[in-house]
Each structure stands twice: as structure tokens, then as C-alpha cells.
Amino acid sequence: MTGELCSLCRRILLLTGLFFAAWTDLKEGRIPNRILALLLLAGIVLCTAQSGLDGEYEAVQSAAAGFFTGGGIALLCAVLSGGGLGAGDVKLLAVTGLYLGAGAVADVFVFAMLSAGAVCLALLAAGRGGRKRGIPLAPFILLAVVLTYGKQGLF
């Protein structure tokens, strides 16, 4: 398996995991730890394999930076918002950062928040939302990853 094939596998795995996380978040209002643990473990194995095949540790360094950037930004927002961002969302953004790296996960965070905010404004304008009404964030993270991959020319 070449490094490029590992990278493709990582993209497919992330999108598949995000789809199931988004589906469950929409249906049940939570993101199962099983999905997150599987994504985390597979991501670590694939980025380590990619680094070994490339003969460099750039993939591992990028994954670690992305994991801590995504998780750190989300955790900060969760604390500052008083629980407006759930623990599952924090963990999902950390795992997403593992796959994308620090710069791309920051883009994902911005795209996800902007798209979720637009939906919240539309719900408020339609009289169907309230200040304390939560919406599932995982579908917006999935959308943001797709937009980020498009921005990077990966589609």
C-alpha cells in the first residue's frame, strides 16, 4: 500500500464515519463512542502506515497537530458556551483533525459553524427555533469536510 493509497483510505474512512455519526446524531441526538473509537484507531493506524511508507513522520505530526487543534478549539467553545457544544461534538472534531491536520480542521470548524448558524437563523426566522433549542452538529461537520476536500481539490 503506497502513501497515496493510505491517504485515499483515510479520506474514505473519515467520510464514512462522519456519515454514520451524522445519521446517529440526527436520529438520536448523540454521537456513539464506538464510531469515534473506530475512527480514532483506524486513523492512527493509517497515518502511521502512511508515514512508514513515505519514510517520513509528516503524516503522524500532522495528525497529532490536527487532533489537538480540532479538539482544543471545540473544547474551548464547549466551555465558553456553557455546554452549547456537546462532548460528542468535541470528540468528533478532534478525530476529524486527526485525519485532516491542523489547518484543514480549522476550516472545517469555521464551515460547520457558519452552516449551522445559517440553519439556526432560518429556524428562528420561521418561528421554529429558540435560544435553547439545540441542533445536531455532526451533519454540519460532514458538510464542512466535504467542502474542505473540495477546496483542496480532492474531489
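The buried residues of helix α6 are Ala138, Pro139, Phe140, Ile141, Leu142, Ala144, Val145, Thr148 and Tyr149, where buried means under 20% relative accessible area, exposed over 50%, and partly exposed in between (1.4 Å probe, protein chains only). This is a predicted model, in which local features need pLDDT of at least 70 and side-chain atom pairs count only at pLDDT 80 or more, while totals for chains, interfaces and linings use all residues. Residues are numbered from 1 along each chain as its sequence is written, and side-chain values use heavy atoms, with hydrogens and water left out. Helices (H or I, at least four residues) and strands (E, at least two) are DSSP runs, numbered from the N terminus.

- Helix α6 has 14 residues, and the 20 Å from its first C-alpha to its last is close to the 20 Å expected at 1.5 Å a residue, the expected span being 1.5 Å times one less than the number of residues.
- Just after α6, Gly153 takes a positive phi of about 75 degrees.
- In α5, the buried residues are Ala104, Val105, Val108, Phe109, Ala112, Ser115, Ala116 and Leu123, and these buried residues pack against α3, α4 and α6.
- The 24 residues of α5 should span 34 Å at 1.5 Å a residue, and its end C-alpha atoms are 35 Å apart, which agrees; just after α5, Gly127 has a positive phi of about 75 degrees.
- Helix α3 (residues 58–80) has 23 residues that should span 33 Å at 1.5 Å a residue, in agreement with the 32 Å between its end C-alpha atoms.
- The buried residues of α3 are Ala59, Ala63, Gly66, Gly70, Gly71, Ala74 and Ala78, and the helix is followed by Gly82, whose phi is positive, near 70 degrees.

**The nonpolar core**

- The largest nonpolar core has 35 residues, and those with the most contacts inside it are Leu92, Ile141 and Val145; such a core is a set of buried Ala, Val, Leu, Ile, Met, Phe, Trp, Tyr and Cys residues joined through side-chain atoms within 4.5 Å.
- The elements that give two or more residues to this core are α1, α2 (33–54), α3, α4 (87–100), α5 (102–125) and α6 (138–151).
- Not counting residues up to four places away in sequence, Val145 touches Leu14, Leu15, Leu18, Thr96, Leu100 and Val108, a contact meaning heavy atoms within 4.5 Å.

**Salt bridges**

- The structure holds two salt bridges, each defined as a side-chain nitrogen of Lys or Arg within 4 Å of a carboxyl oxygen of Asp or Glu.
- In one of them, the side chains of Asp107 and Lys151 meet at 2.8 Å, N to O; Asp107 lies in helix α5 and Lys151 in helix α6, so the pair ties together parts that are 44 residues apart in sequence.
- Asp107 is partly exposed, with a relative accessible area of 25%, whereas Lys151 is exposed at 54%.
- Arg30 forms a salt bridge with Glu28, the closest N and O atoms being 3.2 Å apart; Arg30 counts as partly exposed at 43% relative accessibility, and Glu28 counts as exposed at 52%.

**A nonpolar surface patch**

- Leu5, Leu8 and Ile12 make a nonpolar surface patch of about 250 Å²; patches consist of residues with over 30% relative accessible area and no salt bridge, like charges being joined within 9 Å and nonpolar side chains (Val, Leu, Ile, Met, Phe, Trp, Tyr) within 5 Å.
- Accessible areas come from the Shrake-Rupley method with a 1.4 Å probe, and for residues only the protein chains shown count as cover.
- Leu5 lies in helix α1 (residues 3–28) and is partly exposed, with a relative accessible area of 39%.
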